[in-house]
Structures are given as C-alpha cells and as structure tokens.
Amino acid sequence: MLNKLRTIRRHGNEMKFDLRELALFAEQTVTKAGDRISELRSREKIEVNYKDYGELVTSADLLSEKIIQEAIMGKFQGHRILSEENGVHNWDNFKFDGPVWVIDPLDGTVNFARNLPHYGVSLAFALDGVVLAGAVYAPDLNCTYVGIKGEGSYCNGERLRIRKCTSLLDAVIGTGFPHDLAKVQPAIERVNRLRRNCRDIRRFAAPTVDICYVASGKLDAHTESLSPWDVAAAGLIAREAGALSCNVQVVPDDIPNELYGEEVVFTTPGIFDDLLTLLRMESE
C-alpha cells in the first residue's frame, strides 16, 4: 500500500497531497452535487438544451458543475479544472501537467432527463496526467464509488473486486454509441462483433457508472470511445479493483494514457488478450 501522502518536487518547490483527503473531498463533492440535481428534478421541470451532434445538456448539468467547481476553487486555489460543460471542448490541447481536477457533472443526461436511474456525477484528481483519487456517485442507484491509487476502490465503503472471467464466451460486456451520427456505423459493427463472440452486451448509456460496473464485477468489460471526464475517476476505480485498461489504437504522445478515452477498454484480465484482438481486428 502506498503512503497516503504523495510528495513531488517541481522547479525546486515541494507539493504534498494527501490522497485519502483528496478522495474524501471528491466523494463529498459528487454526493452534494448528485443530491442537489436529484432534488432539482423532483421539484421542478428540468431545462433541456442541445450541444454538438444533438447531445443533451440540462440545467442540472450546469448546476452540478457550478457546485463542484465552487467547491474546488474554495479549497484548492491554483488547481486547474477540466470539465465537460465549461467550454473546454478542444481538450486535446489541454495541458495536463500539475494538479488538475476532471469533472463530469452529469453523465447519462438522457437517462436523467427521462427519470431512468442510470446516471452519475464524477470527479477525479490527476497530477501530471496520473489519476490519484476519484469518486463516482449514482444517486438513484444509491452507489458511491471511490478509488485511491495504490489503496483500492470501494462502493459504499465495501472493497471492490473484478469478476474473474477467462472466456469471452462467458463475458458480459458494456458498450455505447457516439453522439456523432457519422460515427454510429462503426459502433454498430463493433456491437455485432462483440455479440457474436461473448455471452451478451449491455448499453446503459452512462459510461462512468458502466466502468464502475467492471470494478464491481457486474460487467466483465466495457469499451467505447469516450472523453477524459468519462474515464478519469471510473478508470481509476476499475484499475484499483483489478481491471486492466488500454486503448484499441495508439495513444497520442501528448495525452496521458489514463485520460485518453478514444476506443478505450476496461476489462477483467482473463479476457484481455482475446478482447483486444477482437477489437483490433474490427478496426483494421
């Protein structure tokens, strides 16, 4: 187990981070934001607008982001923030050096707007592109997932472990579809390939929670093309439960591996090689 106090030196200065304190902050912050947006939905009509490719953004997304950003700025002055809704859409030019908080204020917005329970709020802390602590809160599922690098991951305080699966034919795999209609056909082809080679597939449409399902053994793997805010906290939680993560294609040199979501794969180790071979055959 790693010491909970992480110290780094940069330009002659020391920076110290208590990973458990950061994880607790992430847990408390996503819980506060998640409870507020659930309350908002119960007492008033949610305002719905649209982003690129017809993707929904609601008043709840913006409220959650405001709550989380204010909490970070109030406690960690000088830390930078990367969030889905704050206008940083060209995130591939974002500099991940130093301390960065990565936010998904509401993952599974369509589910949320339709009163489906599968949605979550995600917050992760990364240092020089390495995710050290994070939390995902799914209010309607009553699940709070927390991960600390080197110290494991938990759901509602109970240690998470992946399901041991050694055959694709026995695997239940989660996936998703892009908002960009021009990219839907390759995703459909991926689903067809997966369905022919595994026990079954699931599409819950909230990848932060889906990836946590890999950590808890509800899914044996999850794969789709995602963004940093989708994979930051959930990816740490999955890895700390024993999952392996990688990308179907090579990760660009200027983007940290743990924050690159394009064609990402989170899987129990026993099917890692076969699943990756299957997905790479598809992309050729």
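This is a predicted model: local features need pLDDT of at least 70, side-chain atom pairs count only at pLDDT 80 or more; totals for chains, interfaces and linings use all residues.
Taken along the principal axes, the box that the C-alpha atoms fill is roughly 50 × 45 × 35 Å.

To find your way through the chain, begin with its division into domains: the domain assignment gives domain 1, which covers residues 19–159, and domain 2, which covers residues 168–280. The C-alpha centres of domain 1 and domain 2 are 20 Å apart, and where the two meet, 42 residues of domain 1 are in contact with 28 residues of domain 2.

How can such a meeting surface be described? The size of an interface is often given as the accessible area lost when the parts come together. Between domain 1 and domain 2 the buried area is about 2,800 Å², and carbon and sulfur atoms give 67% of that area.

Nine residue pairs are in polar contact between domain 1 and domain 2, counting pairs with both residues at pLDDT 80 or more. On the side of domain 1 that touches domain 2, the elements giving two or more residues are β5 (80–83), β6 (99–107), β7 (120–127), β8 (130–138), β9 (143–148) and β10 (152–155). Of these, β8 gives the most, with eight residues. Sorted by class, this side of domain 1 has 22 nonpolar, twelve polar and eight charged residues.

Side chains of opposite charge can pair when their charged atoms come close. Across the interface of domain 1 and domain 2 one salt bridge is found, and the side chains of E258 and K149 meet in a salt bridge with an N to O distance of 3.8 Å.

The structure as a whole holds 13 salt bridges, and one of them joins R20 to E151, whose closest N and O atoms are 2.7 Å apart. Because R20 lies in helix α1 (residues 19–43) and E151 in the loop between β9 and β10, this pair ties together parts that are 131 residues apart in sequence.

Conventions. Residues are numbered from 1 along each chain as its sequence is written. Side-chain values use heavy atoms; hydrogens and water are left out. Domain bounds come from an automatic or database domain assignment. Contact means heavy atoms within 4.5 Å. Buried area is the accessible area (1.4 Å probe) that two parts lose on being put together, summed over both. A salt bridge is a side-chain nitrogen of Lys or Arg within 4 Å of a carboxyl oxygen of Asp or Glu. A polar contact is a pair of N or O atoms within 3.5 Å; within protein, one must be able to donate a hydrogen and the other to accept it, and residues adjacent in sequence count only if both atoms are side-chain atoms. Helices (H or I, at least four residues) and strands (E, at least two) are DSSP runs, numbered from the N terminus. Ala, Val, Leu, Ile, Met, Phe, Trp, Tyr, Cys and Pro count as nonpolar, Asp, Glu, Lys and Arg as charged, and the others, Gly among them, as polar.
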